[in-house]
Amino acid sequence: MTRRNLRPLALIILLATSSLTQAGVYKCEMTDGRIAYSDKPCMDGKSSEMRVSTRSGSGHSSHSPSMASSGAGEGLDCPTSVSNGQDWIDSMREVGQRNLDTGHMSREEYNNGMKQIDDMAGNITVGNCQRSTGDTRKFFECLGDISNHLARCGQRHNPVF
């Protein structure tokens, strides 16, 4: 991937992580049935505050250091790693859509970012985790700890699929 191709993904990640550090996120059900997310209560439609946390208890799984299995995957909890990775993918898709809807991202940036997210999502599988070695295994190990963001694991370990 070139640097130019990484810009939309980096923008999604930046906006996603900055949104997650705020006190609350409001889910807004618009009068036309659409769902939107904001850092402020909705002006038009019903709103409900969502508590967003990247720690255990947020709906994400957390890594259990005592989890072990035999063979190449010893000490690697693939179902948890994949679940955490897919949760991050889902969050990034939602944030990307919200950023497109609110004008923080152009359609081209959104489309490029979603292509990269879709490509990554297709590679975060239990099978790929179980077969992983080297940096790709380190990537899945990194995902096993929910406090690690998908993008950070990818940058640190540069997995090859």
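Okay, let's start with a bond: cysteine 78 is joined to cysteine 129 by a disulfide, with 2.2 Å from S to S. Keep in mind that this is a predicted model. The link between cysteine 78 and cysteine 129 is left-handed, with -80° about the S-S bond. Where do cysteine 78 and cysteine 129 sit? Cysteine 78 belongs to helix H2, residues 78-101, and cysteine 129 to helix H4, residues 126-131, so this pair ties together parts that are 51 residues apart in sequence. And are cysteine 78 and cysteine 129 buried or exposed? Both of them are buried.

How many disulfides does a search of the whole structure find? It finds two. In the other pair, cysteine 142 and cysteine 153 form a disulfide, and their sulfur atoms are 2.1 Å apart. The torsion about that S-S bond is about -80°, so the disulfide of cysteine 142 and cysteine 153 is left-handed. Here cysteine 142 is in helix H5 and cysteine 153 in helix H6, so the parts being tied together are eleven residues apart in sequence. Cysteine 142 is buried, and cysteine 153 is buried too.

Let's stay with those two helices for a moment. When we talk about a pair of packed helices, we describe them by the angle between their axes and the distance between the axes. H5 covers residues 134-143 and H6 covers residues 150-157; they pack at an angle of about 155°, and their axes are 9 Å apart. Why call H5 and H6 roughly antiparallel? The cut-off for that word is an angle over 145 degrees, and H5 and H6 are therefore roughly antiparallel to each other. The crossing of H5 past H6 is right-handed.

Who makes the contact? From H5 we have Asp135, Lys138, Phe139, Cys142 and Leu143, and from H6 we have Leu150, Cys153, Gly154 and His157.

H2 and helix H3, which is residues 107-123, have axes that come within 10 Å and cross at roughly 170°. H2 and H3 are therefore roughly antiparallel to each other as well. On the H2 side, the contact is made by Gln86, Ile89, Met92, Arg93, Gly96, Gln97 and Leu100, and on the H3 side by Arg107, Tyr110, Met114, Ile117, Asp118, Met120 and Ala121. Those residues divide into eight nonpolar, three polar and three charged.

Let's pick one residue out of that contact. Methionine 92 lies in helix H2. Its relative accessible area is 3%, so methionine 92 is buried. How far apart are methionine 92 and isoleucine 117? In sequence they are 25 residues apart, and in space 7.8 Å, going C-alpha to C-alpha.

Okay, zooming out to the whole thing. The protein has six helices and three strands. Starting at the N terminus, the order of the elements is α-β-β-β-α-α-α-α-α. There are 161 residues in the protein, and 37% of them are buried. Last one: if you take the contacts with a separation of 6 or more, 56% of them are between residues 24 or more positions apart.

Notes: Residues numbered from 1 in each chain as written. Predicted model: local features only at pLDDT ≥ 70, side-chain atom pairs only at ≥ 80, totals over all residues. Heavy atoms only, no water. Axes fitted to C-alpha atoms, helices over the stretch in contact; angles between N-to-C directions. Helix = DSSP H or I, 4+ residues; strand = E, 2+ residues; numbered from the N terminus. Parallel < 35°, antiparallel > 145°, perpendicular 65-115°, else oblique. Left-handed = near helix turned anticlockwise from the far one by under 90°. Contact = heavy atoms within 4.5 Å. Disulfide = S-S within 2.5 Å. Buried < 20%, exposed > 50% of the residue type's maximum accessible area, 1.4 Å probe, protein only. Nonpolar A, V, L, I, M, F, W, Y, C, P; charged D, E, K, R; others polar.
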